[in-house]
Amino acid sequence: RAVLTPSKHSANFLIDAGVPPEKVKVVPNGVDLGVFTPEGDRLLAAPGMFRFLFVGGLIRRKGIDLLYEAWRRAFTADEPVRLVLKAQGVDTFYRDSTERPPHDMSSVQLLDSDDLMPEQMAKLYRSCAVLVLPSRGEAFGLPVLEAMACGVPVIIPQGGPFDEYVPAGAGLRVPLDAENLAKALRWCFLNRDRLRTMGLVGGEAAEQYDWSAIAARYASVIKEVCA
């Protein structure tokens, strides 16, 4: 009767693939604002360390190859920075396409367990200064919304579904190449005084996507389809 998808961006792909437009319903993803908040405990502790966070599969669709290359260009080994990789599906659904960090990238911290609960993920977001997701293809990009709800600025690609829910002041939009991504990483490291304002902008935008409101939209669409 209908196909539900979380963004207009992904809806266009469905329509281009032959799904009748009247059957495509857009309802965005949501976030639990009672869990994903700027205030609360942190999962990682290391005073003085500036952390970037990546959440997702370590696969090319997510741009992990670009991130590795950009990281090499942006930072030297003696700088107080860490790239925290919260990997997903390493031993399951991304088992055959996972690209683990190169052995010589000593400033990378890999978390490859899929067992973190939402409360632990919120603590992880709050442990990091910036979320970076240089993805080549997303239907929505839920980690971006979760990071925003935790007051964490984001580095995201230009275009795609992010334009639908990430305001301009919530982070940096970059072309998908290693050079521009490296510049964005470096800028955040050198302009950390600007990040708090970005986090506030993102947090305010995330308030519109509380799961209670999103659930009501799902219920409305389902009621319409069933009728």
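The legends below accompany several close-up views of one predicted model. In this predicted model, local features need pLDDT of at least 70 and side-chain atom pairs count only at pLDDT 80 or more, while totals for chains, interfaces and linings use all residues. Residues are numbered from 1 along each chain as its sequence is written, and side-chain values use heavy atoms, with hydrogens and water left out.

**View 1. Helix α3 and the elements that cover its buried residues.** Helix α3 spans residues 118–126, and its buried residues are M121, A122, L124, Y125 and R126. Buried here means under 20% relative accessible area, exposed means over 50%, and partly exposed lies in between, with a 1.4 Å probe and protein chains only. Helices (H or I, at least four residues) and strands (E, at least two) are DSSP runs, numbered from the N terminus. The cover over the buried residues of α3 includes the strands β3 (50–56), β4 (81–87), β5 (108–111) and β6 (130–132), together with helix α4 (142–149).

**View 2. The largest nonpolar core.** A nonpolar core is a set of buried Ala, Val, Leu, Ile, Met, Phe, Trp, Tyr and Cys residues joined through side-chain atoms within 4.5 Å. The largest one holds 66 residues, and those with the most contacts inside it are F52, Y125, V144, I155 and L185. Helix α2 gives the most to this core, with 7 residues. In soluble globular proteins, nonpolar side chains tend to be buried together.

**View 3. Helix α4 and its surroundings.** Helix α4 is mostly covered, with 7 of its 8 residues buried, and these are P143, V144, L145, E146, A147, M148 and A149. They pack against β3, α3, β6, β7 (154–157) and α6 (195–206). Just after α4, G151 takes a positive phi of about 80°.

**View 4. The crossing of α4 and α6.** The two helices pack at an angle of about 110°, with their axes 7 Å apart, where axes are lines fitted to C-alpha atoms, for helices over the stretch in contact, and angles run from 0 to 180 degrees between N-to-C directions. This angle makes α4 roughly perpendicular to α6, given that angles under 35 degrees count as roughly parallel, over 145 as roughly antiparallel, 65 to 115 as roughly perpendicular and the rest as oblique. The crossing of α4 and α6 is left-handed, a term used if the near helix is turned anticlockwise from the far one by less than a right angle, with right-handed used if it is turned clockwise. On the α4 side the contact is made by L145, M148 and A149, and on the α6 side by G199, G202, G203, A205 and A206. By class, the residues of this contact divide into 5 nonpolar, 3 polar and no charged; Ala, Val, Leu, Ile, Met, Phe, Trp, Tyr, Cys and Pro count as nonpolar, Asp, Glu, Lys and Arg as charged, and the others, Gly among them, as polar.

**View 5. Helix α2, its crossing with α5, and D65.** The axes of α2 and helix α5 (residues 178–190) come within 8 Å and cross at roughly 55°, which makes α2 oblique to α5. This crossing is right-handed. From α2, the residues L66, L67, E69, A70, W71, R73 and A74 meet A178, E179, L181, A182, L185 and R186 of α5, and the contact has 9 nonpolar, no polar and 4 charged residues. D65 also belongs to α2, which covers residues 64–74, and D65 counts as buried because its relative accessibility is 17%. Leaving aside its neighbours within four places in sequence, D65 is in contact with R60, E99 and R136.

**View 6. L43 and A45 in the loop between β2 and β3.** L43 lies in this loop and is partly exposed, with a relative accessible area of 34%. Apart from neighbours within four places in sequence, L43 is in contact with L116, Q120, K123, L124 and S127. A45 is found in the loop between β2 (24–26) and β3 as well, and A45 counts as exposed because its relative accessibility is 77%.

Definitions and conventions. Contact = heavy atoms within 4.5 Å.
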